[in-house]
Amino acid sequence: MRATFLLSEVWSGFRRNITMTIAMILTTAISLGLLGGGLIVAKLTDQMRDIYGDRVEVTVYLTPDLSAQDPDCRDATCQAINTALQNNSDVESFTFESQDAAFERYKQQFAGQPELLEIGTKEALSASFHVKLFDPQQYRVISQQFTGLPGVENVADQSAFLDRLFSLLNGVRNATLVIALIQALAALLLISNMVQIAAFTRRTETSIMRLVGASRWRTQLPFMIEAVLAGVVGAVLAIGGLIAAKFLFVDKALGPVIRAGILPEIDTATLVWVSPILLGVGAGLAAISAYVTLRLYVRL
């Protein structure tokens, strides 16, 4: 089959079903854009897990009496806790913060809020051990081992907050992917309808081709190329939408949070990573949908 004839058939198909083709391209672009957004959110969630995982620490607070009577952690009770931390295989490092140091940190943190400085006292704060673990997920083991020891008031960590944060992000990612799948189904149905309509409007030409000996594959190829091109155009629009969303919305709305290191940036590498996935999914779904439709519903 000559390339010029094939291209003329594809162009003729687009021109005859222009409204259906535009609808299919837009639906494909929306579904792929949502899919790309879900993939980016999933990647950012993994990056945030790594970032905050390194920052998670367990704090072992000492009782008020021990904090006041042993400011340098020299007595047997405080030394026993210190030794237990040194001998624990889950502990990467730890530091001791006295009651005086805790009060100085409190004053620095709330230097701009005089009402909090007035009500805060050194006696209200406890000395503590700040513990960094090799595996932050093992914080519950440390909590179980040190809660109830002599001189220990309580054991706290930030993992509960991080668990809620990651649950929220996972929920956003899953909801985005579900909507993308629904949109993808709509795109598949549109592709199927477009192929059926295109085949019907060109039934005379394809019948003549079959009579002169053209194979079924040769008569189906223009319709499949039409669908694949529409899927690729939809994927390109989806990629353009993600790039525009990054520069026009995400960077402006979340710029301060990103610069503060609270959220990772959607960098160029992330967009480069997701672009071939969207192109492959767009072209693949269109080709499969067109092939199945031609085999099941259209006789050429």
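## Helix packing and cores at a glance

Helix H10 (residues 216-253) and helix H12 (residues 268-296) bring their axes within 8 Å of each other, crossing at roughly 150 degrees. Keep in mind as you look around that this is a predicted model.

**Helix pairs**

- An angle over 145 degrees counts as roughly antiparallel, and H10 and H12 are therefore roughly antiparallel to each other.
- The crossing of H10 and H12 is right-handed.
- Sorted by class, the residues in the contact of H10 with H12 are 21 nonpolar, four polar and three charged.
- H10 also pairs with helix H9 (residues 203-211): the two axes come within 9 Å and cross at roughly 155 degrees.
- H9 and H10 are therefore roughly antiparallel to each other, and H9 passes H10 in a right-handed crossing.
- On the H9 side, Thr206, Met209 and Arg210 meet Arg216, Arg218, Thr219 and Phe223 of H10.
- By class, this contact of H9 with H10 has two nonpolar, two polar and three charged residues.

**Nonpolar cores**

- The largest nonpolar core has 18 residues, and those touching the most other members are Val58, Leu62, Ile81, Leu85, Phe129, Val131 and Leu133.
- At least two residues of this core come from each of strand S1 (58-62), helix H4 (76-86), strand S3 (128-133), helix H7 (139-146) and strand S4 (152-157).
- Leaving aside residues up to four places away in sequence, Val58 touches Phe129, His130, Val131, Leu133, Tyr139, Ile142, Val155, Ala156 and Asp157.
- There is also a second, separate core of 15 residues, with Ile25, Ala199, Phe223 and Ala230 among them.

**Arg49**

- Arg49 lies in helix H2 (residues 18-55).
- With 34% relative accessibility, Arg49 counts as partly exposed.
- Arg49 touches Phe166 and Asn170, not counting residues up to four places away in sequence.
- Although Arg49 and Leu165 are 116 residues apart in sequence, their C-alpha atoms are 9.9 Å apart in space.

**Cys73**

- You can find Cys73 in the loop between helix H3 (64-69) and H4.
- Its backbone has a phi near 55 degrees, a positive value in a residue other than glycine.
- Cys73 counts as buried because its relative accessibility is 5%, where buried means under 20%.

Conventions: Residues numbered from 1 in each chain as written. Predicted model: local features only at pLDDT ≥ 70, side-chain atom pairs only at ≥ 80, totals over all residues. Heavy atoms only, no water. Core = buried A, V, L, I, M, F, W, Y, C linked by side-chain atoms within 4.5 Å. Buried < 20%, exposed > 50% of the residue type's maximum accessible area, 1.4 Å probe, protein only. Helix = DSSP H or I, 4+ residues; strand = E, 2+ residues; numbered from the N terminus. Contact = heavy atoms within 4.5 Å. Axes fitted to C-alpha atoms, helices over the stretch in contact; angles between N-to-C directions. Parallel < 35°, antiparallel > 145°, perpendicular 65-115°, else oblique. Left-handed = near helix turned anticlockwise from the far one by under 90°. Nonpolar A, V, L, I, M, F, W, Y, C, P; charged D, E, K, R; others polar.
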